[in-house]
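Hi everyone, thanks for making time. I'd like to walk you through a structure that may be new to you, so please have a look at it first.

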Amino acid sequence: QVCLSVQGEGHPGGGGRGARMEQAMEQTLQALQALYSSPDPATKKQADDWLTQFQQTPLAWQVSDQILSNNDTLTQFRFFAAQTMRTKVQFDFYELPAESYGSLRDSLLNHIDRFRAADCHAIHTMLAITIADLAIQMDSAWPNACSTLFERFGQNPDSYTTLLEVMQMLPEECMNYKLMTDTHKRDNSSERLKQATPQVVQFLLTLTCPNVQAKKKVLDCFLSWIKFTDLQVGDIAQNPLIPECFKYVFEGGELSETATDIIIEILRMSSQELRFFQPVIEVILSHLPYLQTKFDNLAGQSMEESMDKDHEDALLQICRIYVETAEALIPLIMDKSSSQEVINILRVILRCSGMPSQEISTIPLEFWHRLAAEVCRHPETDPKFDRFQGIYTELLSIMIRRCTVPTDEDPFQADDEYIAYRGRFLSLAEDCLDILTPNAALEHVLKSLQDGQRQGVTTQEAHFFCLTRVGARAEVREASVLWQLIQSLPPLISQTIEETSKEAALLHYTKKTAIELLGCLSKWVKTRPDFLRSSLEMISTLLLQTVPPDSAPHILERTKQVQQTAAMAFKEICYGGVVTLQDLVPQLTQLYVQTMGLPIRMHLFIVDGVGQVVARLQQDATFEAGLEQLVMPLVNGLNSEREKPQVLSEILDRLTTIIRQISVDLAAAKAGKVGTLVSNVFWPLIRQTLSQHPGDSKVVEKSIRLLKHSMRCVPDLFKPNVSAVASTLIQAFQQFQHSSYLYSAEILANTYASDPEIVPILTQLFHALSSTALHVLVNARDQSKLEEITELVEDFYGMFERFLRYAPLIVLEAPTLMPTLELWKAAIFVQQKDAIEAVIAFVEAVLGLIADASKSGRGYDERRVALGQRLRPHALQVCPGFIESIFRLINGVPTRYVQESLPCVIDVVRAAFPQEFPGWLEAAVGQLPPSVASPAERQKLGEQLLHGDYQLAEDAVKDLCYRCEQVALRSRANLSGGKS
């Protein structure tokens with residue numbers, strides 16, 4: 001039996017200790033029996049929970065060791081013991097005194113050699129990981145780990161399997177940050193492994209492998225080491241494993257995937273210092289023709305036939321190697337553009353881009369983007385530039401082919417993955433434009449469309465799809481062939497489609513893309529007023545089209561998508577032709593009224609488009625008439641639909657869309673008209689709506705948005721209403737604590753804080769709203785329910801931050817200031833993005849002022865210094881507990897966004913209280929579990945947070961968050977699911 005004493009537990013063999021050991025062993029075996037044998041799910045779960053907790057106790061060291069030592073124990077039980085040993089070394093190494101390290105090492109080395117049989121493979125792998133982790137954790141206590149392993153397992157071929165597996169795990173675990181070890185231990189281990197690299201590689205090269213499985217272990221181990229450390233150029237270039245890897249890729253089979261990964265890794269290593277690794281690149285280039293032969297044979301089969309898995313895997317591997325090679329060569333590719341080797345590589349990658357397999361065809365996309373950026377660094381007059389134009393012309397054709405929708409599927413039912421696939425290839429068109437110029441690309445696409453007229457409607461749709469990007473960037477030219485296409489779009493879009501035909505879905509989809517194209521070509525369309533108008537008429541017809549409500553769901557979905565696209569195109573054309581369309585305002589407003597029955601998201605595009613035209617009307621009379629035609633149907637709707645909150649919300653959305661587009665000179669007559677509209681129509685309607693539906697959060701939010709844009713449009717003219725607005729907000733918020741009321745106070749502060757006549761109103765408003773909100777938030781905090789009212793948290797702290805910025809004295813004199821600062825300690829735990837963003841913004845605003853106050857002197861804003869001095873005593877009371885809350889939050893594993901925000905918060909506390917911060921930090925770090933970091937590692941991370949620059953502090957927080965996350969995941973892991 002191995003002697004594994006544990007800190008705080010005494011030595012094995014003591015009476016109390018021995019009894020506890022025996023009891024723990026008995027309970028563990030009973031729990032394992034229940035986990036693997038009980039038919040009752042509840043019993044299995046109870047056993048699983050008990051074992052997971054037991055793994056985190058000090059007794060688990062010896063219990064696991066004894067289970068592994070017992071040959072009569074079931075394999076599953078011994079796997080649990082090996083898994084437990086791994087987690088103990090990974091998380092709980094701090095429990096062992098230094099004198100136990102050697103005993104543990106020797107025990108594990110004895111165990112692993114006994115589990116080489118195939119049926120114990122999982123145990124063997126787990127112990128290999130454990131030994132690798134132990135070598136890192138022991139650090140200077142086991143400085144010659146690699147030599148020890150070679151001496152023990154490298155003398156007898158029967159032990160080579162063990163040596164290979166442990167050697168594979170050593171570099172992998174050194175890069176595995178789930179291992180809770182000290183940074184200096186990881187660094188020391190890394191250095192020792194790099195020194196051992198020649199010995200390891202030489203061992204791998206001398207091994208004679210009796211079968212494929214043995215060779216795969218050799219390749220896996222080699223891959224692990226080359227990912228970890230850079231080999232010498234000469235060693236790589238002359239390494240016989242490289243030609244072997246190409247041979248395995250060529251032959252296919254079980255070794256080809258690992259061989260591909262090795263070649264890829266060598267290429268990535270070489271790309272870091274391309275000229276230095278030139279000999280390696282030359283070796284790889286010399287083997288590429290070998291692969292091209294296989295590629296040509298595979299790719300020579302019909303591109304449209306379905307490929308079996310082995311066929312596709314083989315092409316995928318070759319594609320990866322060629323793309324990685326080309327990416328490594330990018331810095332030299334212009335100089336070598338005439339080289340046959342480079343030409344062959346580019347031709348292979350072109351063919352990969354055109355493959356029907358989505359996985360294969362997307363691999364080169366990033367390469368084409370990077371290559372285009374590299375080529376564009378050179379002047380267009382460079383003769384080499386022309387060599388790439390042919391390639392990118394062909395790529396444009398490939399893009400069109402890959403974006404052609406299948407003829408046997410309904411494109412309206414396409415999943416997100418296929419839509420994203422088409423989107424990625426549309427981005428490829430952007431790269432083509434950079435090389436070819438937009439107009440040259442346009443000519444190519446139009447000629448391709450003309451040549452492909454007989455290839456069916458899907459080919460036509462793919463060209464339209466491409467032109468949404470190409471045509472939009474091309475320069476408008478009177479003689480362009482594009483005009484012929486533009487003129488053909490309205491008849492195509494207007495055609496009636498027989499819904500029962502096989503092609504109905506494809507024809508509708510082509511119509512949809514044609515409409516989208518028309519919207520994207522608005523800068524072309526607006527140059528021909530007659531065509532602009534006819535296009536709008538055609539789109540208007542589509543928008544007014546109806547289908548029977550009892551139609552099949554797929555027909556309703558098609559109509560919806562086509563009309564949605566039409567509404568978006570309508571908006572784009574209105575924006576593009578805003579000047580030309582001004583005499584059509586009566587017809588546009590008529591369409592706007594007629595289409596109010598459309599879904600609100602769709603109709604808002606129409607409101608937006610028509611509103612843009614009306615807002616740009618120059619003559620006062622026509623502007624007033626147009627605005628009235630837009631607004632009055634909605635005003636009437638608000639009056640007639642008072643009892644329908646959903647309808648009211650949609651009407652308010654439309655009014656907001658209209659008013660936010662209007663920008664007027666306050667001295668002009670237009671301003672008076674808009675001011676009258678806002679004061680005499682909008683504000684009374686808003687007040688009426690709030691009084692009738694104070695409890696409907698959606699109606700309140702829409703009302704407040706309309707109020708915001710109305711105020712911003714004519715702030716001076718709206719000023720007489722501010723007192724009434726404040727009274728309404730106070731009264732409404734006392735009844736229903738909707739966060740939108742707080743947001744409206746932010747807008748008032750933003751707009752009127754500099755007006756001394758309004759400041760008393762703002763003061764009363766702030767005190768009343770903050771008092772009511774604080775009462776609700778404190779109650780929620782006490783019941784641990786802040787996460788249920790995140791919108792209120794967001795707008796409460798948003799209001800405080802905005803008032804502190806624009807009316808700071810109101811905040812400083814508010815009785816709610818100190819309780820609001822105290823609430824930081826709870827609010828920092830709210831994980832919803834917008835809410836925590838608002839909390840942090842207020843924290844940074846307060847502490848930023850305090851930090852400025854400590855740097856008072858010439859060059860600093862005296863006003864900010866004075867504010868900081870007044871805030872300092874308040875924040876000084878709060879910040880010790882606040883820092884502790886931040887570290888409790890880190891221990892609880894916050895969301896990724898919160899983790900990324902915390903360094904800013906810690907940094908601003910440090911800047912505001914440089915003298916006090918070290919003591920606060922020490923107390924806060926002490927709350928973290930011991931398994932997160934050793935005392936030495938805590939000291940190192942603390943130094944980074946105390947004295948490091950922002951980047952070092954950010955790294956420290958990131959490291960702590962990751963460590964706490966791993967410790968938390970350990971506790972949540974499920975044994976029966978097989979932890980790794």
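Predicted model: local features only at pLDDT ≥ 70, side-chain atom pairs only at ≥ 80, totals over all residues.

**Charges, overall build and aromatic rings**

Now the overall build. What does the secondary structure of the protein chain come to? It comes to 47 helices and 0 strands. Taken along the principal axes, the C-alpha atoms fill a box of roughly 100 × 75 × 70 Å. The chain has 980 residues, and buried residues make up 54% of them. As for contacts in the chain with a separation of 6 or more, 75% are accounted for by residues 24 or more positions apart. The accessible surface comes to about 42,000 Å², and carbon and sulfur atoms hold 50% of that.

Next, the aromatic rings. How many aromatic pairs does a search of the whole structure find? The search gives 25 of them. One of these is formed by Trp-225 and Phe-228, an edge-to-face pair with 6.4 Å centre to centre and 80° between the planes. Where do these two residues sit? Both belong to helix H10, residues 212-228, and because they are 3 residues apart there, about one helical turn separates them. Trp-225 is buried, with a relative accessible area of 1%. Phe-228 is buried too, at 12%.

Here is another edge-to-face pair: Phe-766 and Phe-800, at 4.8 Å centre to centre and 65° between the planes. Phe-766 lies in helix H37 (residues 759-782) and Phe-800 in helix H38 (residues 790-806), so this pair ties together parts that are 34 residues apart in sequence. Are these two buried or exposed? Both Phe-766 and Phe-800 are buried.

If you look around that pair, you'll find that Phe-766 and Phe-800 belong to one aromatic cluster, along with Phe-796, Tyr-797, Phe-803, Trp-824, Phe-842 and Phe-882.

Let me finish with two places where a lysine meets a ring. Lys-571 lies over the face of Tyr-575, 5.5 Å from the ring centre. Then there is Lys-833, whose charged end sits over the ring of Tyr-897 at 4.6 Å from its centre.

To recap, we have a chain with 47 helices and 0 strands, and a search that turns up 25 aromatic pairs.

Technical notes: Residues numbered from 1 in each chain as written. Heavy atoms only, no water. Phe/Tyr/Trp six-rings, centres within 6.5 Å; stacked < 30°, edge-to-face > 60°. Helix = DSSP H or I, 4+ residues; strand = E, 2+ residues; numbered from the N terminus. Buried < 20%, exposed > 50% of the residue type's maximum accessible area, 1.4 Å probe, protein only. Lys NZ or Arg CZ within 6 Å of the ring centre and 35° of its normal. Contact = heavy atoms within 4.5 Å. Areas by Shrake-Rupley, 256 points an atom, 1.4 Å probe, with all protein chains shown as cover.
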